[in-house]
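Visitor: I'm new to reading structures like this one. Can you walk me through it?

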Amino acid sequence: MTTQEQAHWSDRDFPEAAKELLQDSQIRSNVRHATNVIQAKRNNVVGELSDWQQLRDAGAAIRAHSLAHLHFYLAQFEEACTRAGGQVHWARDSAEANRIILGLIQKHDAKEVIKIKTMTSEEIGLNQNLEANGIHPIETDLAELIIQLGHDKPSHFVVPALHKNRQEVREIFKREMNLPDLGERPEDLASAARTYLREKYLRVKVAVSGANFLIAENGAVCIVESEGNGRMCLTLPDVLISLVGIEKVLPKYRDMEVFLQTLPRSATGERMNPYNSIWTGVHEGDGPKEFHVVLLDNRRSPILGDAESRQTLQCIRCAACLNVCPVYHQTGGHAYESVYAGPIGAILTPQLHSMTEGRSLPYASSLCGACYEVCPVKINIPEVLIHLRGKIVEEDQKTFSGKFGMWNMGMQAAAFLFASSSRLSLAQHLGQIGQKLVVSQNGVIERLPSMLSGWTQTRDLMPLPDQTFRDWWAQRKPSADHGIVKEESDVE
Amino acid sequence: MRVSLFITCYNDTLFPETGKSVVRVLERLGHTVEFRAGQTCCGQMHWNTGYLNEAVPILRHFVEVYRDAETIVVPSSSCVSMMRDHYLKAAESVGDMRLAADVQALLPRIYEFTEFLVKKLGVEDVGATYPHKVTFHTSCHSERSLHLGDIPIRLLKQVRGLQLLKLENPQECCGFGGTFSIKNADVSSAMLADKVRTVLNTGAEVCTAVDNSCLMHLYGSLHRQRTFVRTAHIAEILASTAGDRA
């Protein structure tokens, strides 16, 4: 058995990683094509629901309520799941989750596990940890299989191999499955994957999954998927281990009414998912004989404690915000250097690292608001982005380099000018004179110094006109016959 | 009606023609325009970049200047969205309940320029003539914060001589995003390239919008690429009359 060495996330910041990805025309074209297709489907099936906005409101309310009473619903879930024959484990962080899962697999002497697509397992680096301990994880989701066989990393948490096109997938399968004559039709590729995976389903005795939802009142776990690989993993093995973030709990079974409408429409543009699995505990002669739920905190609790950004945890991982994001369109997911890419990744990732990593991500947005508009649980992502920027600025201002850096100095100077119109006016006049140093012969600014040079690498800047509006106004109506020219009412 | 113009800091400094045009349109419609010389900035740049503590005095200054204004008109949807979406929160974040109350009292009297014409005045034909091929870029804040919908388009459709050409993906961001265009200059430029391509595809002579920030960004690339497409704030189009030099 060969090990499947996975690619690792680097600690490059977003602008640097993005710059590299912007050079990759193949990835950009794949990302553009895929997001356009998904978005068109999404808009189509969302548009046919007259109560879409009400469903968003309901989804947001249910998720906010669950988070506000999370301790209660998690305890209720544990009680109900245990009563149904499941075993619930609590993991404070990735290390603890990895230890629990490894222990369970080793208890059954398993050397292989089959996996259903679980981004939470990517979050804790489960595959790498299992490999290091001599256990081979086999991804069964088609996209995750492509990622694993291609020694790649996911770029989208619903469609992890979105950055690969069909020809690239064919090359990976030809090489890794030893199929030199593999065709390139979708059915050829699906058939190759099916043959490859069927044998694993029938042989491997332990499965690892994530979950879309936990249901507190009856201890049920829900997974929605498109390929049926999930159903195989959930029913065929003897042992099923589900790794789930603590935020995924819903109070009641009937809450699914909302999410089984909004999630598939937002995620894949389908009215409902082809496979909706909801299971409760273990049952004699049916499904796994042993069922474990590992509840993962991994720095989710501190997010709950922040009233401004708690809404981040309302996320149901539909990825609609990625598909609609103009930044994601340009770079794809790898630029975020995180399992969670796109707008939601830009707010979730730094918080999952207590703002010690991913600090460039809250700035990886033009704040255009498209993400908030499509979010089925109404997470105001731009608002949270600004909140996180505020935290970063405040922390930076406590350091010497942050306090005396160009950004802070510039912003302090601007704030000083905006406190008074006479200061602003003076600065405008100085700018009109001073700009002579940077205005080119053709009358525009083609090159700016230092941190402003980013603007002029692709863009000209028009020079300041000779007269500001306020000067024009003052000159136009000295007698103030049409309006009142108010006295300075500055707050100094 | 007595209309108080909040010109915004960058229109004041970079786009005085936009302000003059707003004055011209409003006076043509029989309204009195006042300009409060104490005005500076709405605080958006500081707020959106994360300088939240620095933004609060700026918005406090704005509230002080306009506290007793009857109606405030702003030729920038992003500045109005700063006020509507963030002012109250900003005031509350520093625990200044008096400021919060002032903000709440002031907000209903603040209008974006085209919103003021159509929603408040009920005017769509402002008597403009502009014999050019024009395409309209829907700025992010006008669409997703102010929900202006087809308000600017309705105004443009009444302009004599104007041929309106449809832009592909009109509501996709141009990539400006304030300091985003500097902090993430490469991604911003890539977004701009897409937007400029759609503008050029229309065959328009002029690209317009309700925000000069997007237009400044678009101009930057249109000029760098030596195209002949100009940018003009919608107020400048609505101010134009048959007697103007085209």
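Visitor: How do the axes of helix α20 of chain A and helix α4 of chain B cross: roughly parallel or roughly perpendicular?
Guide: Keep in mind that this is a predicted model. Here α20 (residues 406-418) of chain A and α4 (residues 52-66) of chain B have axes that come within 9 Å and cross at roughly 15°. Angles under 35 degrees count as roughly parallel. So α20(A) and α4(B) are roughly parallel.

Visitor: Which residues of α4(B) meet α20(A), and how many in the contact are nonpolar?
Guide: From α20(A) come A:M411, A:Q412, A:A415 and A:F418, and they meet B:E54, B:P57 and B:I58 in α4(B). Sorted by class, the contact has 1 charged residue, 1 polar and, for the number you wanted, 5 nonpolar.

Visitor: What percentage of the residues in chain A is buried?
Guide: Chain A holds 23 helices and 10 strands, and its C-alpha atoms fill a box of roughly 95 × 55 × 50 Å along the principal axes. A residue counts as buried if 20 or more other C-beta atoms lie within 10 Å of its own. Out of 492 residues in chain A, the buried share is 46%.

Definitions and conventions
Residues are numbered from 1 along each chain as its sequence is written. Chains are lettered from A and ligands numbered from 1 in the order in which they are written. This is a predicted model: local features need pLDDT of at least 70, side-chain atom pairs count only at pLDDT 80 or more; totals for chains, interfaces and linings use all residues. Axes are lines fitted to C-alpha atoms, for helices over the stretch in contact, and angles run from 0 to 180 degrees between N-to-C directions. Helices (H or I, at least four residues) and strands (E, at least two) are DSSP runs, numbered from the N terminus. Angles under 35 degrees count as roughly parallel, over 145 as roughly antiparallel, 65 to 115 as roughly perpendicular and the rest as oblique. Two residues are in contact if their C-beta atoms, placed from the backbone, lie within 7 Å. Ala, Val, Leu, Ile, Met, Phe, Trp, Tyr, Cys and Pro count as nonpolar, Asp, Glu, Lys and Arg as charged, and the others, Gly among them, as polar. A residue is buried if 20 or more other C-beta atoms lie within 10 Å of its own, exposed if 12 or fewer, and partly exposed in between; C-beta atoms are placed from the backbone.
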